[in-house]
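Please keep the sequence and the coordinates in view while reading.

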Amino acid sequence: MDHIIARVTATPAAIDLIAALRRQHGPVMFFQSGGCCDGSTPMCYPLGEFDVSDTDVYLGHLDGAAFYMGREQFEYWEHTQLIIDVVAGNGGMFSLDNGTGLRFITRSRLFSDEELAVLGSAA
């Protein structure tokens, strides 16, 4: 396996919504919520309006939009690829998808043993 394995990917529908939000709000970024008010959902913010800390983990990008998750939550999800998708509904209270009639959701799949070996060697 000689290609890069993405920890986070997006469906074409999610890429379309990201593009629409970018046209309206400028550059955006994501943070995978770990619960509380908006449950466990990917939150989309204007770039610079969410403070990423040294306890957050950069997972990759979705069409140029950086995607982060808290370190503690990452410890539970590190064996899983996140697949960001879109469904009808209301987005998270503070997320840019709120009010669009669509919301981002996180689907997932476990990495294979081979993929985990490659990811482990990249750490």
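## The cavity

Which residues line the largest cavity? The lining is made up of Arg 7, Leu 59, Met 69, Phe 74, Trp 77, Glu 78, Thr 80 and Leu 82, where a cavity is a set of points, on a 1 Å grid over the protein atoms alone, at which a 1.4 Å probe fits but cannot get out, and lining residues have an atom within 4 Å of a point.

The structure holds one cavity of 30 Å³ or more, and the volume of the largest cavity is about 40 Å³, a volume being the space filled by probe spheres set on the points, with grid points joined across faces, edges and corners. By class, five nonpolar, one polar and two charged residues form its lining (Ala, Val, Leu, Ile, Met, Phe, Trp, Tyr, Cys and Pro count as nonpolar, Asp, Glu, Lys and Arg as charged, and the others, Gly among them, as polar).

## Basis of the model

This is a predicted model, in which local features need pLDDT of at least 70 and side-chain atom pairs count only at pLDDT 80 or more, while totals for chains, interfaces and linings use all residues. Residues are numbered from 1 along each chain as its sequence is written, and side-chain values use heavy atoms, with hydrogens and water left out.

## The three-stranded sheet

Three strands, in the order E1-E6-E7, form an open sheet with mixed pairing, two strands being paired if DSSP finds at least two bridges between them. Strand E1 (8–10) and strand E7 (102–110) are the edge strands, each pairing on one side only, and neighbouring strands are turned against each other by 30° on average, direction ignored. E6 and E7 are antiparallel and share nine bridges, with Asp 85 standing opposite Ile 105 in E7.

The loop between E6 and E7 contains Gly 99, which is exposed at a relative accessible area of 67% (exposed means over 50%, buried under 20%, and partly exposed in between, with a 1.4 Å probe and protein chains only). The C-alpha atoms of Gly 99 and Gly 89, which are 10 residues apart along the chain, are separated by 8.7 Å.

## The four-stranded sheet

A further open sheet has four strands in the order E3-E2-E5-E4, again with mixed pairing. Because E3 and strand E4 (56–62) stand at the edges with a single partner strand each, one side of each is left without a neighbour in the sheet. The twist from one strand to the next averages 25°.

Strand E2 (residues 28–32) runs antiparallel to E3 and is joined to it by five bridges; Phe 31 stands opposite Met 43 in E3, and Val 28 has Pro 46 as its bridge partner there. Five of the five residues of strand E3 (residues 42–46) are buried, so E3 is largely enclosed by the rest of the structure. E4 is mostly covered, with five of its seven residues buried. Six bridges join E4 to E5 in an antiparallel arrangement, and the two strands form a hairpin with two residues between them, where Asp 63 in the turn has a positive phi of about 50°.

## Helix H1

Helix H1 (residues 12–25) lies across E1, E6 and E7 and runs at about 70° to E6, with axes fitted to C-alpha atoms, for helices over the stretch in contact, and angles running from 0 to 180 degrees between N-to-C directions; contact means heavy atoms within 4.5 Å.

Terms used
On a 1 Å grid over the protein atoms alone, a cavity is a set of points where a 1.4 Å probe fits but cannot get out, and a pocket is an open set with protein on both sides within 12 Å along at least five of seven lines; lining residues have an atom within 4 Å of a point.
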